[in-house]
Amino acid sequence: MKFVDEFRDPKLIRQAAQEIRRLANPDRHYRLMEVCGGHTHAIYRFALQDVLPPNIELVHGPGCPVCVLPMGRVDDGLSLARDHGVILAAFGDMMRVPGRTGSPLEHKARGADIRMVYSPLDALKLARENPDREVVFFAIGFETTAPSTALTLRAARQLGVRNFSVFCNHVTIIPAIRAILDSPDMRVEAFIGPGHVSTVIGCRAYEFICRDYGKPLVTSGFEPLDVLQSIVMILRQLEEGCARVENQYARVVPWEGNLPALRAMAEVFELRPFFEWRGLGFISQSALRIRDDYADWDAERRFSMPGVRVTDPKAAQCGEVLKGVLKPHQCKLFGRECTPEHPIGALMVSSEGACAAYYNYAMRKSDAVAV
Amino acid sequence: MQPPIRFHDAQIEMAHGAGGKATRRLIEGLIAPVLGGPLLDSLGDAAFLELGGARLAVTADSFVVRPLRFPGGSIGDLAVNGTVNDLAVAGAKPVALLVTLILEAGLSTEALEIELRAVAAAARQAGVSVVGGDTKVVEHGEADGMYITTAGIGIADIRVQCAAASVRPGDRIMLSGPIGDHGITILLARGELDLEADLCSDTRSVYPMIERLVERVGGGIRWMRDPTRGGVASALNELAADTRLGIVLWEDRIPVRDEVRGACELLGLEPLHIANEGQFLAVLAPEHADAAIDAVRSVRGGEGAVIIGEVREQPARTVLAASAYGGSRVVDMLVGDPLPRIC
């Protein structure tokens with residue numbers, strides 16, 4: 001399969017791993033953060049830690065949109081389906097995320113009309129097919145998904161679809177990276193930069209990380225060879241003692257980003273003064289809301305929602321895992337109270353969540369003999 | 001005394017029908033404790049009864065697939081082949097079927113006739129007779145066109161002694177052909193995704209392949225299963241749990257068509273979790289593996305049979321997929337239900 005097989009070539013993977021072993025200083029411990037949950041998933045799915053030397057530690061970052069959404073926002077979204085009788089359309093990733101009174105899937109089983117969609121345009125289609133119902137799209141995601149929500153809102157206005165609105169929970173990656181860099185327990189030497197987010201925002205936005213914090217960042221693709229090559233590029237920078245933004249994923253990521261997508265976002269969204277992130281707390285200017293021009297399609301203005309802050313269960317250490325301070329299995333609940341089937345924290349739900357990735361692909365492997 | 005009820009979920013959700021972890025929990029935690037007896041407790045694909053000197057296999061399966069028709073087959077084909085295959089992998093020759101129809105008022109006679117003809121044709125093909133059944137009708141809106149339940153009766157083949165308890169480290173795992181065709185076909189047939197692929201359901205009777213396999217290496221077969229809902233991963237995880245052994249799959253040897261791989265890559269699905277309706281897994285004593293592969297490949301439709309892995313002592317109760325470059329990952333049972341009502 002094109003664009004897949006060549007990046008999973010066992011021979012090339014072994015060569016890249018060898019190059020990493022050659023470059024890594026055995027007297028040094030490297031902590032590299034992959035910002036994006038897609039990378040976390042790829043690292044576990046392809047068992048990349050197995051081919052890396054033990055002194056290269058991959059630290060999982062906050063780039064999982066479902067994981068960073070605080071429980072109160074999940075409850076708000078569910079209240080739309082429960083109290084206002086709307087058709088709530090959400091990405092599949094959201095369906096098992098626990099709210100205080102159960103997940104979207106549990107609400108659906110009790111009769112709430114919650115539908116899984118693969119694109120916000122499918123939610124708009126639902127609205128046009130059900131003119132006598134209100135349809136709300138539960139929008140989540142970083143800059144990767146925000147442009148498609150923006151285009152959907154544009155289409156809703158152009159088509160004059162009045163029974164459609166968006167519950168906007170889009171967040172932006174840069175403030176989250178800055179929050180991690182400013183966090184006192186932060187001990188990361190370099191970043192494997194997000195791939196899909198960068199297709200939209202480009203690479204320039206990361207330059208402050210190198211300039212102000214002296215850390216290299218390499219935007220990376222999601223195949224095994226992509227990630228390994230990015231690590232090679234990072235190790236070369238660390239060896240040279242420099243810090244700059246490099247683009248490993250140039251086959252997809254334009255340095256300047258995707259200008260039409262950025263324009264669509266700017267037309268529809270504006271920054272919120274602040275937004276709560278699970279684990280990271282309130283971060284200023286870190287999320288998007290819908291502009292006044294599109295107020296008629298803004299679910300937050302059309303429906304009253306509880307808007308209650310809900311703290312995560314005390315024992316759950318999602319925040320520490322999100323910041324890369326703890327590894328998934330170091331959380332007290334991991335694999336016992338909290339499993340993919342009965343998730344307590346969202347990190348156990350999303351395929352991009354570090355806990356789910358670790359649980360699905362790596363747990364129990366410690367018993368494994370060499371295969 | 002009956003075993004204690006260990007099912008604590010407050011309500012039934014779609015995942016309980018997906019063939020993965022939740023299904024197993026429901027069956028082992030509630031259904032078997034309440035209904036169980038010595039014959040139910042083995043929870044195989046079919047139960048065996050000794051009646052008047054004959055050893056009979058019985059099984060039942062219900063079909064709620066949506067849409068009713070899809071490339072490569074329809075609910076009528078599935079209803080026959082699914083039950084026939086449960087008998088075949090239990091080591092029995094399928095003989096007869098009971099067919100129960102639950103019809104929704106408003107279903108067109110034409111659609112019903114098409115499915116009845118599909119049942120008849122699939123039964124003929126599989127060499128089984130339809131010997132009875134039942135018909136019920138529910139109000140419009142209470143069933144999605146039609147549901148079918150089939151019960152199957154087969155005659156145990158004395159040359160086969162399949163049991164998880166006979167599986168040993170070193171045994172080989174054989175798969176009859178490419179995986180995921182059925183699940184991805186259904187997903188695409190629903191038309192909810194703007195995806196198209198040249199792909200058909202693999203629905204068919206696997207009995208001809210198993211018949212040849214038994215003729216050649218009967219005693220060398222330790223365990224068989226048709227990996228339907230929950231896919232190869234769920235079937236092998238059940239085996240790992242039942243035997244307390246480990247299973248290692250060689251990832252690059254698992255046959256998956258490009259169309260299935262492509263759809264899985266796009267949608268974030270794992271081919272090992274996708275349902276099949278015309279494949280089977282067999283665990284073989286290592287000395288019989290080559291002959292077994294030859295036997296299955298000699299049957300039309302079995303040309304793709306391949307050894308995909310082996311049983312190991314460690315890691316206990318776990319399925320691992322090993323890559324060609326030296327990494328390995330755990331392959332868990334299906335959690336949740338990415339593709340509801342697949343059969």
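**Interface and sheet architecture of chains A and B**

In the predicted model, 33 residues of chain B are in contact with 35 residues of chain A, contact meaning heavy atoms within 4.5 Å. The two chains bury about 3000 Å² between them, 53% of it on carbon and sulfur atoms; buried area is the accessible area (1.4 Å probe) that two parts lose on being put together, summed over both. Of the area that chain B buries against chain A, 23% is supplied by E265(B), Y325(B) and V330(B), more than by any other three residues. Residues are numbered from 1 along each chain as its sequence is written, and chains are lettered from A in the order in which they are written. Local features need pLDDT of at least 70 and side-chain atom pairs count only at pLDDT 80 or more, whereas totals for chains, interfaces and linings use all residues; side-chain values use heavy atoms, with hydrogens and water left out.

Four salt bridges are found across the interface of chain B and chain A, a salt bridge being a side-chain nitrogen of Lys or Arg within 4 Å of a carboxyl oxygen of Asp or Glu. In one salt bridge, the side chains of D5(A) and R261(B) meet at 2.7 Å, N to O. The elements giving two or more residues to the side of chain B that touches chain A are α1 (21-35), α7 (258-267), β13 (319-322) and β14 (328-330) of chain B. Helices (H or I, at least four residues) and strands (E, at least two) are DSSP runs, numbered from the N terminus. The largest share of this side, five residues, comes from α7(B). Its residues divide into 13 nonpolar, eight polar and 12 charged, where Ala, Val, Leu, Ile, Met, Phe, Trp, Tyr, Cys and Pro count as nonpolar, Asp, Glu, Lys and Arg as charged, and the others, Gly among them, as polar.

In chain B, five strands form an open sheet of mixed pairing in the order β1-β2-β7-β5-β6; two strands pair if DSSP finds at least two bridges between them. The edge strands are β1 (47-51) and β6 (129-138) of chain B. Five bridges join β1(B) to β2(B) (residues 54-63), and the two run antiparallel. The bridge partner of F48(B) in β2(B) is A57(B). Helix α2(B) (residues 75-89) packs on the sheet, touching β2, β5 (92-104) and β7 (146-156) of chain B, and its direction makes about 145° with that of β2(B). Axes are lines fitted to C-alpha atoms, for helices over the stretch in contact, and angles run from 0 to 180 degrees between N-to-C directions. Helix α3(B) (residues 109-126) also packs on the sheet, touching β5, β6 and β7 of chain B, at about 175° to the direction of β5(B).

In chain A, five strands form an open, parallel sheet in the order β2-β1-β7-β8-β9. Strands β2(A) and β9(A) (245-247) each have a single partner strand, so one side of each is left without a neighbour in the sheet. Strand β1(A) (residues 30-36) pairs with β2(A) over six bridges.
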